[in-house]
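This report describes selected features of one structure, from individual residues to helix packing and the nonpolar core. The sequence and the structure are shown first.

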Amino acid sequence: MDTRAAIVDAARKSFAAKGYDKTSMRGIAREAGVDPALVHHYFDGKAALFAETMAVPVNPAELIERVLEGGRERLGWRLVETFLTVWEPPERREALVALVRSAMTSEEAARMLREFLGREVFGRLAASAGAEDAQLRGALAASQMIGVVIARYVVRVPGLAEATRADLVERLGPVLQGYLVDGPVTPE
């Protein structure tokens, strides 16, 4: 087994045993029998290594940076656009649907995905908005987008499954903006 594969194997075992939050890059290096610097050589942080072990075909850190580039204004719209863009290509969608399905049937997979999404994706976005209740705001945004993913790509609910990405961005953007930045969206 090559070094990179040994690191991925050790990481997969550690994430499964300890979850995302309690797994450390040093612990993974120790388990793989390599220097911690070598883990960082192959992977740009714990989020990228987790994505590799779960066969997530995108680098979450790059996506989050893209969403955050425009500041707080229209953050919700950029999040929806980016999230849906990740899911659109059929070759990528297959791996992501498998990940969601495994999280729905395995507590271990659910825990890893929950911790990862909470800390690395939605938690970072909510914290960047500067809200005092960032954890709740991030969880609300996560629930919205996970629900959309399940309904659109797994269950294929009519209407939502056929909607254009642009339409969903315009309809969901204000909701996510409310969760992450502006507070609850209320009727006028």
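Val154 belongs to helix H9, which spans residues 134–154. In this predicted model, the relative accessibility of Val154 is 17%, so the residue counts as buried, the cut-off being under 20%.

Apart from neighbours within four places in sequence, the contacts of Val154 are with Val97, Val100, Arg101 and Val149. Val100 is 54 residues away from Val154 along the chain, yet their C-alpha atoms are separated by 8.4 Å.

## Positive phi angles in two loops

Arg156 lies in the loop that connects H9 with helix H10 (165–182). Its phi is near 60 degrees, a positive value in a residue other than glycine. With a relative accessible area of 46%, Arg156 is classed as partly exposed.

Arg74 is also a non-glycine residue with a positive phi, here of about 65 degrees. The loop that holds Arg74 runs between helix H5 (60–68) and helix H6 (75–87). Arg74 has a relative accessible area of 39% and is therefore partly exposed, since that class covers values between 20% and 50%.

## Packing of H1 against H2

Helix H1 (residues 3–22) and helix H2 (residues 25–32) have axes that come within 8 Å and cross at roughly 120 degrees. The crossing of the two helices is right-handed.

On the H1 side, the contact is formed by Ala6, Ile7, Ala10, Ala11, Ser14 and Phe15, and on the H2 side by Ile28, Glu31 and Ala32. Sorted by class, the residues in this contact are seven nonpolar, one polar and one charged.

## The largest nonpolar core

The largest nonpolar core has 57 residues, of which Ile7, Phe15, Leu49, Trp87 and Phe122 touch the most other members. Helix H8 (residues 107–128) gives the most to this core, contributing nine residues. In soluble globular proteins, nonpolar side chains tend to be buried together.

Which residues are in contact with Leu49, leaving aside its neighbours within four places in sequence? They are Ile7, Val8, Ala11, Phe15, Met25, Ile28, Val39 and Phe43. Among them, Ile7, Ala11 and Phe15 of H1 and Ile28 of H2 also take part in the contact between those two helices.

Notes. Residues are numbered from 1 along each chain as its sequence is written. This is a predicted model: local features need pLDDT of at least 70, side-chain atom pairs count only at pLDDT 80 or more; totals for chains, interfaces and linings use all residues. Side-chain values use heavy atoms; hydrogens and water are left out. A nonpolar core is a set of buried Ala, Val, Leu, Ile, Met, Phe, Trp, Tyr and Cys residues joined through side-chain atoms within 4.5 Å. Buried means under 20% relative accessible area, exposed over 50%, partly exposed in between (1.4 Å probe, protein chains only). Helices (H or I, at least four residues) and strands (E, at least two) are DSSP runs, numbered from the N terminus. Contact means heavy atoms within 4.5 Å. Axes are lines fitted to C-alpha atoms, for helices over the stretch in contact, and angles run from 0 to 180 degrees between N-to-C directions. A crossing is left-handed if the near helix is turned anticlockwise from the far one by less than a right angle, and right-handed if clockwise. Ala, Val, Leu, Ile, Met, Phe, Trp, Tyr, Cys and Pro count as nonpolar, Asp, Glu, Lys and Arg as charged, and the others, Gly among them, as polar.
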